Every structure is written in C-alpha cells, then in structure tokens.
Protein chains: 2
Amino acid sequence: MRNILLIGAGRSSSFLIKYLLDHSAEQNWQLTVGDISEKLARQKIGNHPNGKAISFDTTDEKMCAAEISKSDLVVSMLPAHMHLPVAEQCIRLKKNLVTASYVSKEMESLDQDAKQNGIIILNECGLDPGIDHMSAMKIISDLKSDGREIISFKSFTGGLVAPESNDNPWGYKFSWNPRNVILAGQGTAKYIMNSKYKYIPYNRLFSAGETIHVKGTGSFDGYANRDSLAYRKAYGLEKIPTMLRGTLRHQGFCRAWNVFVQLGLTDDSYTIEDSEHLTYRKLVEAFLPDEIAGNSVSSRLALFMNLDEHHDVMEKIRWTGMLEDQLIGLDRATPAQILQDLLEKKWVLKKSDKDMVVMQHQFIHQPGKSGQGTQTEETISSLVVKGEDSVYTAMAKMVGLPLAIAAKLIINNNVKLKGVQIPVHEEIYKPILDELEESGIEFIETTKKI
Amino acid sequence: MRNILLIGAGRSSSFLIKYLLDHSAEQNWQLTVGDISEKLARQKIGNHPNGKAISFDTTDEKMCAAEISKSDLVVSMLPAHMHLPVAEQCIRLKKNLVTASYVSKEMESLDQDAKQNGIIILNECGLDPGIDHMSAMKIISDLKSDGREIISFKSFTGGLVAPESNDNPWGYKFSWNPRNVILAGQGTAKYIMNSKYKYIPYNRLFSAGETIHVKGTGSFDGYANRDSLAYRKAYGLEKIPTMLRGTLRHQGFCRAWNVFVQLGLTDDSYTIEDSEHLTYRKLVEAFLPDEIAGNSVSSRLALFMNLDEHHDVMEKIRWTGMLEDQLIGLDRATPAQILQDLLEKKWVLKKSDKDMVVMQHQFIHQPGKSGQGTQTEETISSLVVKGEDSVYTAMAKMVGLPLAIAAKLIINNNVKLKGVQIPVHEEIYKPILDELEESGIEFIETTKKI
C-alpha cells in the first residue's frame, strides 16, 4: 500500500481526487485528502474505501509533519503562496511533491536541498502552467530533431465558458478562482518580438491584445501573460527572436474589461471609504474624473472611455450592474473585492453549464543549419476541451489529470529527475501527454508553408 | 548634560544637526550623530565640542539598545521603514522619539505601549508631513474659535528649485531623496470633494491636476497626494465636504512626467532584461506599443502621447536624454532605477543653486451655527522659503528646524502628550511655529469674501 497525501480540496481538485480514487485499487494506493474544511474533503472522497478525509492546517507544523511523514508522495493544491512550508517538510522528510503553481523565487531556492535529499518537487503541472509546457515541449523537441529552427513561438490558453452555455454579453463565467480572474495581468507583461524586448504595463494590457483564431471554435482575444522571457531557457529556446505566452478570452472581453482597469476597479491594495453604504453607481462616480461632464454616470463613463453610450462595451458594463443604484453592502472592501463580489453573482457557472478550455501554440520555423526542408513553415497546435457540468469542469479535468498522472509516474519510480522542476522533460511530459490523449485530450496540429 | 541621539546623517539632516549643535551650549546638550557611514556623521558634526559621531547599524540590536539607553531623546532620520526597531527600543528604554516620517500602521500599533511607558513618539514633524500639519492646525483652530465652519480645505506643498537657479525645461532639480521623487504618487490618491469620495489611480494622477497660484511667486501644477481622507480626523474636520492634500511642481512638469508614467518607466517592481547593454532609446522602444508607427522613437512617442513632436512636453523628454542612443550601463535595473540614474545626472542642484519650498493652504469657511459674520470667505495662507545653497537647502531647513525645535520642547518637558502622535496639538505646533517665524519662516495669510 502506498500513501498519497493531497492537500487542498477546492474547485480544481474534483478530477484529481476522482482519478486517484479510481486508480487506487489497481495501483494499491491509499488517498488522504486534507483541507482546512474536513467536510469539503469528505464530500470529495464520498465513501470510497481507499479514501480518507482529514482536517489540515498548514500552520500546524507538527500535524503537517506527521501527515507528510506517513505519505509516500504529496500533492499540494494550496494557493501558491502556501506551498513553501509543505515543500520544506517534504525535503526534510524526503517525500516527493507535486503542485500546479508557478515556481516562486522561494520555491526555486529549494532546488539544491531537494536534490541533496533525493526528491523531486514538480511544479507547474496543471493546465496553464502545465499542459501548455508539456505540449509545447513535445513540438519543440520534434521540430528540433527534424533540424528545424524555431523563430517564433506564441502560446495562448483560456479557461472560458462553452458557446452552448454562454448566455451573457461577456462570454465569460467563473470556472476557476474568481480572485485570480479579477487580478489577472497585474504587474507588467514581458515578451520578445523580432529580437526586441517588449513590456506592457497593466494599464495598457487589455487594449494591446491580438485576435487568435481557433479553427472550428472561433476567434478570441489574446493578451500577453506575465513573464514570457523566463521560459526561453526552460524551453531550450534561448535565442528565439519572438516568444509570447498569453491568455484567451471571448472576443470583445478585453476591451470591456479595460473599462474596469482604467477606472481603477481592479485594485486590491486599499479599501474604499464607507464601502458598505455606497452604491455601485456612486463607486464608479468616485473614480470618474471631475472634468468629464454628462447627464448620467453611464454617459460620463462612455465619454471617459471615448465610446458611444450604446457601444457593446458599455452594454457589457451595464449588464454587470456596476452602474446601478444598488448598495454594495461590503464593509471595508477593496475595489477588486467589490468587483469580484458583483461578478460572482453574475458570472455563475450554472449546474448544467459547460465550461471550455482553449489552448493554441503557434510556431514559425525554418531550416536549421543542418536541417530538413527549404521553406519557412507555420505549425499550429490547438486544443479545445469542454467540461461535463459545473463540477466536472474542463478546467478541473485539465488541471487535475496531469497532476494525477504525474503523481502516478513519480510514485511508480518512473521519473529519475530530482530537484525543483517543471514538466519540460520528456520522461515527464511524454507519458502524461500519451495518457491525456487516451482520455480524449488531444491537440489538432497543422503545418503549412508561409 | 542631556544626551540627544540623532540617527541618520543624510541630505535632510544638515540643518537639524546645525541647530542642535548651535543650541548645545545654551541647552546643555551633548549630540551623538549615528549613521551607517561614520564618516558622513563626522562631516556633519565638524569639530564641535558637543558633537560626537558614531557608526550606527540598526540591525545591530545590542549596539542600538546601548546607544539609545545612553540618550535622553532620540531623533530618527532613517528611511520610514527602518524606524520600527528604534521605536520599539525607545519604548522599552522609556526614551522619547521624534521622526519626520508618515505614521505607518506598525508605528500606530505602538501607541498603547508608548503611553504605558510614559513616552511620546512624535512623527510627521518635518516639512510635509510636518509644517503643513502645524500651520493648517493653527488656522483651523483660529477659524473654529471665531465660530467659522470650514467647508473646504486644500493644502499643497512642493520642494522645488528657486527661479534664479532654474536652468532646465522641467523647472526641477533634486533637493531631497531622488528615489521618492521617481516613485511619488504610486498607489491611489484619495480625497473628498463636495461630500463625494474621489479616487485617482496612479496612471491618471499626473493628468488630473489643477493650477495653484502663489502671489508673488507664480503658478504651479498641483496633484493629489496619497490619502487625504485620513487627516480629516487628525485635523478635527470629520464632516468637511472638501479636503485635499497635494504636491506642487513647476507648471508643465506633471504633463511631461506623465509620459514616463504612461510608458511604464517609473515602475520599480521588476528588472529590465539585459538593461546594462540597452540604450535609453531602446528602452523607450520596448515600452512603446507596436501598433504606434513612425520614423523615429521620438515621433512614435509623440504619437503615443497624442502630442505634436515639437510640443514642450516632448522637449522636456528629449532634454533628459531618454531618447538618445546612450548605453544605460546599469545591470539588472528596474525601470525606476534607470530613470532615477539618468535624472540624477540632469537634475543636479549645483553648489550655489538655491532650492525653494512652496506651501499653500486654501480654506473656504462660512458662519457656523453660533458663529461670526454672514459671508462665505476664503483664507489663503502661503509660504515660500528659498535655500542658501545646495547643502543648506530650504528643504533641509524646513525638515530639520521643526524636528529640532520639537526635540528641544520634549527634552525640556514642555510637551505633556504621550503615545504615537503627529504635531496637530497646540502645545506642540504653537511654540514650533513661533520659533519658525523668528527664523523667517512665515506664512502670508489673506482672507477675502467670496
């Protein structure tokens, strides 16, 4: 019997837990799911004979150490900033760890310790980051072994609502952590284009996008995501002239979202005075420049954004209720908290709604020094996956399955790699992509001369 | 003999040290100046018999405690985030403390401890914050005792270059911490106008200013500064319909500074890739949106800002050298660090240059319930002080003198107040303003019916 400890039983853990329990008999696994809410953990386990729910508090160091020492492998689905104490215990107790989060500086600094203790801490092993790395690396590796030189790589991912469940003007519903959606893009996006570094500050990000076409599915807004430069090394593309990682939204989303950004309503760094007794309309008014005159907040906002009052951007804003005389009713809230609270009532994935994950890699490549072919070509690889309902979402599936398969690989000693890693190594990404393909998660790849 | 310990011998300490030494014989003081650079401390002390220079490292807890315990009063001129360990030692050792910094949340939380230990920690006792509080409180108190109700209070302060020493298109030179100038305004400005809360996010701050006229000196750009709302309570103006605290710059400064803000060049949160080998022009190019086309970076930048290429805003930008093909030469630098380094070469206060501090309070008041008069009136109180040269600046004088006088008041037991305080109490601000007036720091006050 091998013991897997899974910490965090939230939204994205449904498929992960299902996979681990479904394979528990065949693999001889015992699964312990720990969450700050034992009840939530118990709900996800059901009455499966190989599952056990416990209350898990990462600040209780002793309990944390006891549970980790009983396990053979740990999967942490905690929020990114909470992995560190778990990772430190895993190193001390020589237990492998898998997460779906970006590698933080603190996490990166554990690399030597992890190697010395003979364990792997595999991060960025969900959807984005995760499947995007794996599927990109497979193509990069294929192109390289064909002697092709990659001169441009752009990759976009979006967690969206499926067209058949889309019943609002934004084409968006929350299929993952709403807070992350509200704060998405804060900071400065960095990428490289034609060998020139490019920086887009947050306040220009949502007006600086491009249109991404996915055959058979439609067109999307794509905007640059975080630091694309850091992945040049991880992907072995140190000298690539163009590289950009981005996020997808339904067409028209970014231009409307930009209204909230320009107003200042996505700021999470301070609280609004007397927010409980303010209405949404008064809140918007408090952010509109005084010199913008008009008969109504709606007309002033349109003027502020240089739009006609009947523009579809304005329709989207009005639909949220942000211009209505409704009380906010949240005490000492930040602008971002107020916006999230409002949108959580509006962008609800109803029980039977299906979400949709869309991913697209765009490569441009040419013959390398000793390579095949004579022509510059474009390879496009796209993935569209729809969820089953509001619990078994495409998002939960695509975050959970690669994590689960990675856990299986590691616990079965099929991964030799040690240290703090991301899944850009063939021994990890190949078996995961193979098994994902068996579950119907399959990329459509086309190559044409350009 | 009483011992004063002054920690931090930087730019703003010159006048403070001079005052404390000049009064040391009469007051029976011994002054110890501690700085991380003992040499700097020694320079400022000269060979004054009552002065002593020591090397002072706030992270050396033992030395810190030993020096504080030898003193009767501590003045901390450290950067704001470094006061806390000093304040904690002062509480433990029952020593009064004076600073010129804003009260942080951490500092505020020491209030009860300070009171229990019978000491005062007097903060915001320099120029802005400092003289602005004191001079405003004096007028507020006078108006209240005349039975007037204050319906609007705006207050602006600027550390500028004197007109006779102004030889650059910005009308600006560094007379205080350059880093604070570069980062000024980051966050969101909050104020209240006609009983409505107003928020200005950083990316709109420098295009949202107003013009401030100071009789006999000229017109200035004024922009909102930090959280004006928090001072309603401190000033006893809880229900005031309009209140704004702002910063002054020479006219035209804000519109040009906004170019750096809009580009993203004041961001201090991440480093520029390969910054050492980049030129300033290439850096600007990296921030310009691709869709903005033009023959040169200068014409593209003008287009980006919606300006004619010969507009004086563009002249200001060109004057900095930010559009030139000069190497930046700074390794792993943030945009803000690069901008600061460039401007520190340009905005130099030459040896004989005079700086200038300008402050203006604008009050609108009307008869209160039992008050005098029948008419709404405006009271304007303005202060203009010029420095002597690049060492004895107006800035150093106006930061240092109130601190020094406050130290004298406290060490002579003329302040009864205990706890974490700012100088809005008459027993503090009255003697300080009186002595400042004796040194020629005098407000010109006018009142007219409106």
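1. In this predicted model, strand β4 (residues 73-76) of chain B is joined by four bridges to strand β5 (residues 96-99) of chain B, and the two strands run parallel. Within this pairing, the residue that stands opposite S76(B) is T99(B) in β5(B).

2. The pairing of β4 and β5 belongs to an open sheet of seven strands in chain B, whose order is β3-β2-β1-β4-β5-β6-β15 and whose pairing is parallel. At the edges stand β3 (51-55) and β15 (419-421) of chain B, each with a single partner strand, so one side of each is left without a neighbour in the sheet. From one strand to the next, the twist of this sheet averages 20 degrees.

3. K94(B) is not a glycine, yet its phi is positive, at about 55 degrees. With a relative accessible area of 52%, K94(B) is exposed, a label that requires a value over 50%. As background to this point, most residues other than glycine have a negative phi, and most peptide bonds are trans.

4. A second residue of this kind is N194(B), a residue other than glycine whose phi is positive and near 50 degrees. N194(B) lies in the loop between β8 (188-193) and β9 (196-201) of chain B, and at 58% relative accessibility it counts as exposed. In chain A, N194(A) likewise takes a positive phi near 50 degrees, in the hairpin of β8(A) and β9(A), which has two residues between the strands.

5. Strand β8(A) and strand β9 (residues 196-201) of chain A pair in the antiparallel sense over six bridges, and the bridge partner of Y191(A) in β9(A) is K198(A). Is strand β8 (residues 188-193) of chain A buried or exposed? Six of its six residues are buried, so the strand is largely enclosed by the rest of the structure. Both faces of β8(A) are covered, with T188(A), K190(A) and I192(A) buried on one side and A189(A), Y191(A) and M193(A) buried on the other.

6. In chain A, the peptide bond from D128(A) to P129(A) is cis, with omega near 15 degrees, and P129(A) is found in the loop between β6 (120-122) and α8 (131-145) of chain A. In chain B, a cis peptide bond joins D128(B) and P129(B), with omega about 15 degrees, and P129(B) lies in the loop between β6 (120-122) and α8 (131-145) of chain B.

7. Over all chains, the structure holds 40 aromatic pairs. In one of them, the rings of W257(A) and F260(A) have their centres 5.5 Å apart and their planes at 80 degrees, so the pair is edge-to-face. W257(A) and F260(A) are three residues apart in helix α12 (residues 253-263) of chain A, and are therefore separated by about one helical turn. W257(A) is buried, with a relative accessible area of 1%, and F260(A), at 1% relative accessibility, counts as buried too.

8. Another pair is found in chain B, where the rings of F153(B) and Y235(B) have their centres 5.9 Å apart and their planes at 45 degrees, so the pair is tilted. This pair links distant parts of the chain, since F153(B) is in strand β7 (residues 148-161) of chain B and Y235(B) is in the loop between α11 (231-234) and β12 (242-250) of chain B, 82 residues apart. Both F153(B) and Y235(B) are buried.

9. Returning to chain A, one aromatic cluster is formed by W170(A), Y172(A), F174(A), F253(A), W257(A), F260(A) and W347(A). Over the ring of F253(A) sits the charged end of R249(A), 5.5 Å from the ring centre. In chain B, the charged end of R226(B) sits over the ring of Y102(B), 3.9 Å from its centre.

10. The axes of helix α12 (residues 253-263) of chain B and helix α15 (residues 312-320) of chain B come within 9 Å and cross at roughly 60 degrees. That angle makes α12(B) oblique to α15(B), and α12(B) passes α15(B) in a right-handed crossing.

Conventions:
Residues numbered from 1 in each chain as written. Chains lettered and ligands numbered in written order. Predicted model: local features only at pLDDT ≥ 70, side-chain atom pairs only at ≥ 80, totals over all residues. Heavy atoms only, no water. Buried < 20%, exposed > 50% of the residue type's maximum accessible area, 1.4 Å probe, protein only. Pairing = 2+ DSSP bridges. Phe/Tyr/Trp six-rings, centres within 6.5 Å; stacked < 30°, edge-to-face > 60°. Lys NZ or Arg CZ within 6 Å of the ring centre and 35° of its normal. Axes fitted to C-alpha atoms, helices over the stretch in contact; angles between N-to-C directions. Parallel < 35°, antiparallel > 145°, perpendicular 65-115°, else oblique. Left-handed = near helix turned anticlockwise from the far one by under 90°.
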